[in-house]
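Good morning, and thank you for coming. I would like to take the group through one model, beginning with the overall fold and ending with individual residues.

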Amino acid sequence: MEQVVQAIALAMTAVVATVVVLAREPKRQIFCFMLYGLVLTLLFAVLQAPDVALSELGVGSVAIPFAVLATLVRIENGRR
Amino acid sequence: MTPEALAPLAFSVPLAVAALGAAIGPFVPRRVLDALAIATGLFCTAACVLLARAAAHGTVVHWFGGWTPRHGIALGIAFAVDPIGAALAAFTAFLTTVALLFTWTYYDESGPPFPVLMLTFMAALIGFFLTGDLFNLFVFFELMGVAAYALTAYRSEDDSAVLGAFAFGVVNSIGAFLILLGIALVYGRTGALNMAQLSHALGAHADALAILAFAFIAAGLLVKAALAPFHFWLADAHAVAPTPLCVLFSGIMVQAGLYAVARVYWSVFSGALAEHDHVLRTVLIAFGLVTAFAGGIMAFGQRHFKRLLAFSTIAHTGILVCAFALLTARGVAGMVVYVLGHGLTKGGLFLCSGILLNRLGTVDVDVLRGKLRTKPWGSVAIFLGALALAGTPPFGTFLGSSLIAHAADEIGLGWLPWVLLVAAALTGGAVLNALGRMAFGWGPPPDPRAKTPAHESPEASAGGDRGFPLMMYACSAFLIVCACAIGLVPGAASAALGAGERFVDRAGQLAIVLKEMPGAALAMPPAEPIATSLASGFLAGALALAFAAIALFAHRLPSGAGAMRALESALVPLRRIHDGVVTDYVAWLAAGTAALGTALAAWMR
Amino acid sequence: MSERARTAMILVSGAALLVLVLFAVAGLPPYGHYPGPYGDVLNTVAPHERQIPNIVTAVNFDYRGADTLGEEYILFAAIAGIALVLREDRKRTKDEPLPPSRVLHTTGRTDAIRAFGALAIAVTVAFGGYLGIHAAQTPGGGFQGGTVLSGVGVLVFFALGYRAFAKLVRKEPFEAIEAVGAGAYAAIGLATLVATGAFLKNALPLGGEGQLFSAGTIGVINLCVLVEVFAGFTLLYLEFAHETRVEEPEPEQR
Amino acid sequence: MISFIAFAVPAWIFVAGLYGMATSRNLIHLILCLSVAQSSTYVLILEVGYRLGATAPVFGDVLPGTRAVDPVVDALTLTDIVVGATVTALLLAFALRIYKKRQTLDPEALRAMEG
């Protein structure tokens, strides 16, 4: 059971990582990236690493996406 | 103060001062911060020199948190300081101090971030040289990197500076991932991070995991060392970084990457890979020679003086990698002496380029054509620096190359030193070629159709006559004089040889670090008299002059112009791959790592 | 290099790297069978010697505290670099607001959004504070708590806008706080070096297991990290949020 | 089987991230791919310290001595995550600065220096 859950979490990680890489359009990519942060959080939780999962949650789903979003907003402003 | 306590002091004091500087920076005059930074640099130099003296009497070990090992298992992080690590740490602090002194009059205004980031960068390098823990090495690698990216982008009004910093950051980060990959592999196998414990646990058998873990860690570190094809970031970053920082980049940061490869090999993997050392030697010498000649030839093709010096650094990395690749104590000794001699020389040359940028507003050789007549002292310094780069006696680089030559002879590679001599002479010749144009207006007239290199904005309100820049000249002259002095210190060669013996003594390190056995004082094996290699040293200098003369005057000979065109066309493919596109750099990095890994793994099994 | 050449190069070398890494990981012990000894030794000795249930915290702030010191300075240096690069052009141009962006400013903020924002902020502060303080007992600690607490800035930004965020967070004091957090960590190391002869060696009473501020220096270092991470990430958000500043009406006074 | 999946996943993520970077046409896309490549190191490091059927190394509710996973890999990954986040943010700031100056984020159009 434990191994099945982990195998699923790992497979999801690989798939979402591939999706992030292949999403060429920045706005779509950043939402995939937030999802990737959540998937990683889940993976770390099932790997019995709660400290790491909490950090990844803060960094992967909030900090980096925020910085990217702000950058995208600025760029959109520059275009107009 | 015991020697054991000096080790953490040398890296934590500059960190504490950096934080202090950032906190009080907005409220105190600039000079206060500068003085504080210089005082810290001097303090660290002194601490590391004392540490090196102590290390000569036995490896100095400091266990953080007081967690000494239990039954041969390390609980915490150790700094394991041998004479070579301490000497290079002292050299780092010394170069930082000189660079900070140079900035004293160099910038009209430099905000608090500059000294703060410089101190952080210095602390990271010192920690990098002293640590005996593999993951701690990675942490200092990253700290050094982040401070360096930020400093490269320091003149952020110049977009090529930010672009250079971006490429630097991306490529070095991938290098860091490769290091982590290697660390994860060996940690999964052994459950250890302390270098001595790792070498014990890995044993004497090389399988795919051990070989590839070394290949990944080495590739990651060689990104910092700018071995081809990992070197592209260096030329872009050096050309645009603040000049005082280039002194540290070219003088010690690049070499720190190579030092770490040597350290990781000798402290961790030398037992496991011992039976395959000929494979490692062949592969690394191949990479090193390609780097040395690619760098030397590209240096000749540059008209941006700082970028020229950057390519010369790449060439010297190739030479140093060949010295390490000999995989003997004598090779390590030669490598370290060469690092010191080269770092002082290159530092002096970069400071000269800083004076040009500061006073004349550009480092474009074609724009400066004939303009250096008014700066005789600068020209003399550049001339001496060029001879030193070629490895002419009595400079430190000559002593280093003569040690490397003896080391190569010892293992039957008598041809190698002669090849390296040509590469070194190429870099010296490239500098002399630029000097001939700048000081005397020699050489073919510049091609008016040639593309001007990226615009370099002057680093301070350039111009004119604000008096003789005494402090700047003093700093660059001091470094060139030191480059000469280090080749003349009596006993330097045999001290280096003794330190090299210590560096490669894996069993000895293990006993001192994990079993807390007392260390022994450094043996001082007699060095071969350098007189035997004096002739080759002068030959290198003459060759450099000859290369420069060909580049400057061949067009006047009847068949010369055609020959020059042929040479120029040889440069074209090399120029084409140095295209400044960061995605290309990533592809090259992947290809280089795959090549290194495949070569080692396929051949060793 | 042409795009096609580059793609070919990365495909070939990527495939080679994949094979190499698979080849290497095949030499690892089977998945789920960590052989030790490092972690096992620490799991055995740390609860007793350091009076702390969360061994990860003990490793972070004590056994491998030097790594964490480096890590805090990486954050410190990166924030300095971000400020350096993004502020350069603000010296010359005044802080002129930019036109509104389609992403952030299509709709006005209703009272419901503001109320929800206030609630979210309260929850974030409680959760972040709890995580940050209870490093020794439960998962979490200064770093996790600091990142969560700095999320308050993000919430203020989304609920009330850039101007409110910038009014709440002034740059200079936060930079000083961040530097103090990082510097205090190094200073604790130096103080323990003087007091005990070993950098970051515990020099405080351990206290009993389970108490809030047990485990000696670990508690103090945890606090430094909490402060630094909170201030550092808040500055990070502020620097990036500044890039999205728009002309907004002043929030209504009530 | 689980061994192969577990160790192949980080290898795949790393190479996928590298591929994305090398073929990227936008610096922001490139930075996020760099972040993905870095996440492969988190996964691999955590996996090598994992132990089937063991608890997290927090001995609050469980007694010391219970079979637990390696606390060291957790600490290493934490450090790695902080490093990754800060480097990513710094590179984003660089990209933004470059965009303001050059009005493009296409790596092909952004050559620092040539030759």
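Buried residues make up 69% of the 605 residues in chain B. Please keep in mind throughout that this is a predicted model. The mean pLDDT of chain B is 91, with 96% of its residues at 70 or more.

As to architecture, chain B contains 22 helices and two strands. Its C-alpha trace spans about 75 × 60 × 50 Å along the principal axes. Does the radius of gyration of chain B agree or disagree with that of a compact globule? It agrees, because a compact globule of 605 residues would have a value near 25 Å and chain B has 23 Å. Of the contacts in chain B with a separation of 6 or more, 85% are between residues 24 or more positions apart.

A compact globule of 115 residues would have a radius of gyration near 13 Å, but the value for chain D is 19 Å. The C-alpha trace of chain D spans about 60 × 30 × 20 Å along its principal axes. Even so, 73% of the residues in chain D are buried. Residues 24 or more positions apart supply 49% of the chain D contacts with a separation of 6 or more.

Let me turn to the interfaces. Which chains share the most contacts, of the five pairs in contact? They are chains B and C. That contact takes 64 residues from chain B and 57 residues from chain C. On the side of chain C that touches chain B, the elements giving two or more residues include α1 (3–25) and α8 (171–196) of chain C. The residues on that side of chain C comprise 36 nonpolar, twelve polar and nine charged.

The contact between chains B and D takes 43 residues from chain B and 35 residues from chain D. On the chain B side, the elements that give two or more residues are α5, α6 (159–190), α9 (232–240) and α22 (582–604) of chain B. The largest share, 18 residues, comes from α6(B). By class, this side of chain B has 27 nonpolar, ten polar and six charged residues. Chains A and B, by contrast, do not touch, and their nearest C-alpha atoms are 14 Å apart.

Next, the core. The largest nonpolar core has 440 residues, of which L51(B), I126(B) and A95(D) touch the most other members. Leaving aside neighbours within four places in sequence, the contacts of L51(B) include P3(B), L6(B), V60(B) and V81(B).

Helix α13 (residues 329–360) of chain B has 32 residues and reaches 46 Å from its first C-alpha to its last, close to the 46 Å expected at 1.5 Å a residue. All 32 of its 32 residues are buried. After α13(B) comes G361(B), with a positive phi near 80°.

I shall close with some local backbone features. L327(B), in the loop between α12 (305–325) and α13 of chain B, has a positive phi of about 60° although it is not a glycine. H71(B) also has a positive phi, near 50°, and is found in the loop between β1 (60–63) and β2 (78–81) of chain B. H71(B) counts as exposed because it has 7 C-beta neighbours inside 10 Å.

There are cis peptide bonds to note as well. One runs from A228(B) to P229(B), with omega near 0°, and P229(B) lies in the loop between α8 (208–225) and α9 of chain B. Another joins P393(B) and P394(B), with omega about 5°. P394(B) is in the loop between α14 (376–390) and α15 (396–410) of chain B.

Thank you for your attention.

Key:
Residues numbered from 1 in each chain as written. Chains lettered and ligands numbered in written order. Predicted model: local features only at pLDDT ≥ 70, side-chain atom pairs only at ≥ 80, totals over all residues. pLDDT = per-residue confidence, 0-100. Helix = DSSP H or I, 4+ residues; strand = E, 2+ residues; numbered from the N terminus. Expected span 1.5 Å × (residues − 1). Buried ≥ 20, exposed ≤ 12 C-beta atoms within 10 Å, placed from the backbone. Contact = placed C-beta atoms within 7 Å. Nonpolar A, V, L, I, M, F, W, Y, C, P; charged D, E, K, R; others polar. Core = buried A, V, L, I, M, F, W, Y, C linked by C-beta atoms within 7 Å. Rg over C-alpha atoms; globule rule 2.2 N^0.38 Å.
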